[in-house]
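This report describes selected local features of one protein model. Please keep the sequence and the structure in view while reading.

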Amino acid sequence: MAEQARQAVVEIATALASSPAPEPREDDPTLASGAAGQAVLFAALAAVLPELGHAERAVALLDRAFDGIGAGGFGPELYAGYTGVGWAAEFLRGRLLASDEDHGADVDEALDEVLSASPPPGAHDLVRGLVGLGVYARERLPAPAARRTLERIVRHLGAMARHEGPGCCWPAEDARVADVGVAHGTAGVVAFLAACWREGVSEARPLMDGAVSWLLAHRLPLDGETRFPAFVALRADGPPPKPTRSAWCYGDPGVALALLSAARATGDVSWEREALEAARAAARRPMGHTQVVDAGLCHGAAGLGHLFHRLYQATGEDTFAHAARGWFTRTLAMRKPGEGIAGYLAFAPTHGSWHADPGLLTGAAGVALALLSAAWPIPSSWDRMLLADLPLVAS
């Protein structure tokens, strides 16, 4: 399987480097779907296949991303805005760019203005809100300004939290519910606060304690198909909790990883026990019950392969190794020669259609990153953007 994975990575990279169709749109500089995300992929490729021009392509893509952001019209969001381009620049810094080559000053200045508002505009979450801004700031450490930014974000998150029951959560745009998942919900806040606590941000701990307590209070019954729902009702007219798909963005694999990150950051053995119980159940869930239809990182087979690979690296448990192999095998089986990008198509649930997607979050670039991390023995530090970088041992 490793050789198949390497071949798939090479073919995706070749397709993305060709023109015209697989190129990210000229007006899309973003981390999720455009030039910045592809810059991260080609920078990672340059570490394992340095002779194929990937380094030059990564730098060119980053330059194009900054040009696109400079043209205006983008907000501060990590995946769809200028902090994502800044994050990609930090990923290349010290790898393909000189360590003293700082592309983030303008991003820092703009972010400082955003965070000066009280409350800051926008959401709390990883994809569109404060947690995503914090992921960028974390990448800028140990700069003093980055630490101050993390501290400000933690304070803002504390002000936005809703305290209910045994802990706290963050209401979704639909105020009737709180999102549970990593991409838009409380699990993503937990993973971010765990990272802040590991970095010495003391205000993160009480907020993390409350958020973990809230998550654990809303587990589904043990005899159910999943342990965590996608949403929890905050008002009587909210929807009842129900099982959700298996994914990074929503569902047990992502939530379990966030809980394990918090457990490892604090040394809390009860949190670790709960995290691993949910993760093991997710690893054993029949593929036909997971609602996975395509291969992308966000909610596809490659994303699950990567999460279970991370869990195996963090625990050494064969259950997770078996699940990772199964999902990577599924990822490779999803290729349809002659279609999409190197055989990969992405499914758009809002339109019910399949399309060629070159992007990192839901498309071929993300599939290649997950396969690359499985097939070559290199650090997977790119997944810090997903808050999926688990400490291997407890603090």
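In which loop is Pro142 found? Pro142 lies in the loop between α6 and α7 (144–160). The model under discussion is a predicted one.

## Cis peptide bonds

The bond that joins Leu141 and Pro142 is a cis peptide bond, with omega about 10°. A cis peptide bond also runs from Ser118 to Pro119, where omega is near 0°. Pro119 belongs to the loop between α5 (105–116) and α6 (130–140).

## Packing of α2 and α3

Helix α2 (residues 35–48) and helix α3 (residues 54–70) have axes that come within 8 Å and cross at roughly 160°. Angles over 145 degrees count as roughly antiparallel, and α2 and α3 are therefore roughly antiparallel to each other. Their crossing is left-handed.

On the α2 side, the residues making the contact include Ala35, Ala39, Phe42 and Leu45; on the α3 side they include His54, Arg57, Leu61 and Arg64. By class, the contact of α2 with α3 has twelve nonpolar, two polar and two charged residues.

## Helix α9

The 14 residues of helix α9 (residues 204–217) should span 20 Å at 1.5 Å a residue, and the end C-alpha atoms are 20 Å apart, which agrees. Among the buried residues of α9 are Leu207, Met208, Val212 and Trp214.

## Positive phi angles

Gln291, a residue other than glycine, has a positive phi near 65°. Gln291 sits in the loop between α11 (269–284) and α12 (301–315) and counts as exposed because its relative accessibility is 52%.

Leu387, also not a glycine, has a positive phi of about 55°. Leu387 is placed in the segment after α14 (364–375); at 7% relative accessibility, Leu387 counts as buried.

Terms used: Residues are numbered from 1 along each chain as its sequence is written. This is a predicted model: local features need pLDDT of at least 70, side-chain atom pairs count only at pLDDT 80 or more; totals for chains, interfaces and linings use all residues. Side-chain values use heavy atoms; hydrogens and water are left out. Axes are lines fitted to C-alpha atoms, for helices over the stretch in contact, and angles run from 0 to 180 degrees between N-to-C directions. Helices (H or I, at least four residues) and strands (E, at least two) are DSSP runs, numbered from the N terminus. Angles under 35 degrees count as roughly parallel, over 145 as roughly antiparallel, 65 to 115 as roughly perpendicular and the rest as oblique. A crossing is left-handed if the near helix is turned anticlockwise from the far one by less than a right angle, and right-handed if clockwise. Contact means heavy atoms within 4.5 Å. Ala, Val, Leu, Ile, Met, Phe, Trp, Tyr, Cys and Pro count as nonpolar, Asp, Glu, Lys and Arg as charged, and the others, Gly among them, as polar. The expected span of a helix is 1.5 Å times one less than its number of residues. Buried means under 20% relative accessible area, exposed over 50%, partly exposed in between (1.4 Å probe, protein chains only).
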